[in-house]
Every structure is written in structure tokens, then in C-alpha cells.
Amino acid sequence: MNPYILASLLFGLGLGTTITFASSHWLLAWMGLEINTLAILPLMAQHHHPRAVEATTKYFLTQATAAATILFASTTNAWLTGQWDILQMAHPLPTTIVLLALALKIGLAPMHAWMPEVLQGLDLTTGLIMSTWQKLAPFALLLQIQPNTSILVVLGLTSTLIGGWGGLNQTQLRKILAYSSIAHLGWMLLILQFTPSLTILALLMYIIMTSSLFLAFKLNKATNINTLATAWTKSPVLTSLAPLLLLSLGGLPPLSGFMPKWLILQELTKQSLPLTATFAALTALLSLYFYLRLSYTMTLTMAPNNLTGTTPWRLSPLQMTMPLVLSTSLSTLLLPLTPAAIALLTF
């Protein structure tokens, strides 16, 4: 892609998200979401592959449906209350509709079916943008609405369950990462109405951990589980660190991913929801299974002889590895800073 066109599209992504961040009016927020969607569509279809075009079409139809529903809900709210402000969602009907629309936009279960299929059709760089940056604007709206409804808990528990269950029998890495995203978004939604600052912390940790895993797979040019078995010949140090990244995503101590899950379970218990906390912790075991499966494939198995691709014997050209180094370090070493994070959250 032409670098000027690429820069314009990335600028459009940043502009759309910033407009949604800064807006308190529903029409401005909707406009930011539309700019965001229109900016990423050419990035998704840039390879002109039938699978990429199919993924782009599915993404466009899903996002257009969600945006139209948001516009309908905000208009309904203005008709019922006379207010266009995002913070003035007082009536339960438009609040519920806009919650479901935002859930469709970010891929929460049970409106999740588009996400694994779309992510499977993208290259790893665009998939990283879709899994991280594209979640920011809808979450900014969710945090501004501050809904107090049991629908959030239902959506959160359903997402953690389906996100763990759906990834069990997958062999494609991008689909596994899509179901991992669904499960993590469920954890964020569980705690949203009780402690919004914990949702922000969980979102930041998810972005850091997912970025490191996407960058690691991109460095190894890996798209399925079988390809991971050859990773140790290309980058042995990264292959040794990858299981730590995966276990951090699973939320095991003493890695960084344990911090948000620990604090979320603690807060759910304080809110007299021990059954919800127990169910969420049990569904995390489903996700942990396929993280361990990937770790086992990378470190403890030999490459199969019937690989469809040829094994790269020559060294790959130098790549920019500083983002991978930073995200990997943050994904594994942040747990000792938990008291500082709690102090910032309570500030």
C-alpha cells in the first residue's frame, strides 16, 4: 500500500477514536465510530484476497448494523428525555438498545459470531488493530453511559464462557486469538458497573498482552498451530518466552495477566456476587486449556513432516522488534506493581 494512503488511513483511525473519546453528544460519538470503521476497511481489504474481501464485507455489515442501532437508540433517548448527551441515558429502553449495539460492535457473546470469521481473513497486523484499537471507542461510550443493569453481568458471563468454549477445538491462531478476545471482553464487562477503573485496567492489560502475542506470531509468520512447531529454529529466545505470554493471557501468577483477574474477582466478592466470581474463574480454565495447548506445541513438539509451507532456512530480514520487546516485558513483569495500580485506581 502507498505509504501516503496508509498514513491517511491510520490518521483516520486515530481521528475517529479521538472524536468518540472527546464527544458528549451522541451524534458526534456516532460520527467518530463511522470514521473509525471507514478508515479500517481499506486496511482489511488491501491484499485483494477473496478471504480478505469476505472478512471486510462481514465487518462492514456488522459495524453498519451496530452504528444504525446506536443512532436509533440515541434518537429514541432524545425523543423520550429531550437530551442528546451520552451521560443522560436515563430511560431503560434506549440504554438497553445501545448496550446491545455496542456489544455487537466489539464482538461480545452472543453477538460474537462475526469476530472469529473476520479475524481469520486478515493479516496479523490488521488483526492486531482490530483486536486492540477498535475496542477503545466503544468502551469509551460504555464507560460514559455507566449503565446499572444486570444485562452487563449476563453478557460478561456469556462471553467468558463462549470465549473459552469456542477456542477449544480451533487450530487457526487468529480464531484462537478472537475467542481469547471475547473472553477477556467478558471479564471487563463483568466489573464495568461496579468499578469502571478496573475495566480500564483490564482493557490496558489485554491490549498489552494481545499486542505481544500478535507481534510474536508475526515475527514467526505463524498462522496455525502446526507452524508454531517450527518456531524454535527461527527465534529460540522468543519461543521460550511465548509460553509466559500465553500463561499471562490465561491469568496465572506471577505474571501480569493475573493482576486484573485477581482484582476483578476480589471486587465481585465484595459486591456480594460470589457465584458470579466462581463461574468467571471456572470459565477462565477453558481459555487456559488452549493457551497451554499452544505452549505445548511451541516448546515440546517436533514439527510435522507434512507441512504445507516450506521451512525457511535462511534468516529473515531484520524487523522492528522494539514494540515486541516492550509489550513482552510488560506482559510478564507488571504484577509487582499491583499496589501502585490499586493506588491509581482509588485516586
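Which residues does UniProt list for "domain: NADH:quinone oxidoreductase/Mrp antiporter transmembrane"? Here are some notes to go with the model, which is a predicted one.

1. **The annotated domain.** The unreviewed UniProt entry lists residues 23-286 for that domain. In the model this span is 76% helix and 0% strand, and its end C-alpha atoms lie 38 Å apart.

2. Over residues 151-169 the chain is 84% helix and 0% strand, with 29 Å between the end C-alpha atoms. Residues 324-345 come out at 82% helix and 0% strand, with end C-alpha atoms 27 Å apart.

3. **The largest cavity.** You will find two cavities of 30 Å³ or more in the structure. The largest has a volume of about 90 Å³. Its lining is made up of 13 residues, and Tyr59, Gln63, Lys105, Gln134 and Pro138 lie nearest the centre. Two or more lining residues come from each of helix H2 (26-44), helix H3 (50-81), helix H4 (92-106) and helix H7 (136-145). H2 gives the most, with three residues. Sorted by class, the lining holds seven nonpolar, four polar and two charged residues.

4. **The second largest cavity.** This one has a volume of about 70 Å³. Around it sit His184, Trp187, Met188, Ala202, Met209, Gly257, Pro260, Lys261 and Ile264. Helix H9 (173-190), helix H10 (196-220) and helix H14 (258-270) are the elements that give two or more residues to this lining. The classes here are six nonpolar, two polar and one charged.

5. **Helix H9.** H9, one of the contributors to the second largest cavity, has 18 residues and reaches 26 Å from its first C-alpha to its last, close to the 26 Å expected at 1.5 Å a residue. Is H9 buried or exposed? With 18 of its 18 residues buried, H9 is largely enclosed by the rest of the structure.

6. Phe258 counts as partly exposed at 23% relative accessibility, and so does Trp262 at 38%.

7. **Cis peptide bonds.** Some backbone geometry deserves a look, since most residues other than glycine have a negative phi, and most peptide bonds are trans. The bond from Ala109 to Pro110 is cis, with omega near 5 degrees, and Pro110 lies in the loop between H4 and helix H5 (114-120). The bond from Pro253 to Pro254 is also cis, with omega near 5 degrees. Pro254 is in the loop between helix H13 (236-250) and H14.

8. **Positive phi values.** Where does Lys221 sit? Lys221 is in the loop between H10 and helix H11 (225-228), and its phi is near 55 degrees. At 56% relative accessibility, Lys221 counts as exposed. Ser272 has a phi near 60 degrees and lies in the loop between H14 and helix H15 (274-300). Ser272 counts as exposed too, at 61% relative accessibility.

How values were computed: Residues numbered from 1 in each chain as written. Predicted model: local features only at pLDDT ≥ 70, side-chain atom pairs only at ≥ 80, totals over all residues. Heavy atoms only, no water. 1 Å grid on protein atoms, 1.4 Å probe; cavity = no way out; pocket = protein on both sides within 12 Å on 5 of 7 lines; lining within 4 Å. Points joined across faces, edges and corners; volume = space filled by probe spheres on them. Helix = DSSP H or I, 4+ residues; strand = E, 2+ residues; numbered from the N terminus. Nonpolar A, V, L, I, M, F, W, Y, C, P; charged D, E, K, R; others polar. UniProt positions renumbered as here; feature names shortened; annotations may be inferred. Buried < 20%, exposed > 50% of the residue type's maximum accessible area, 1.4 Å probe, protein only. Expected span 1.5 Å × (residues − 1).
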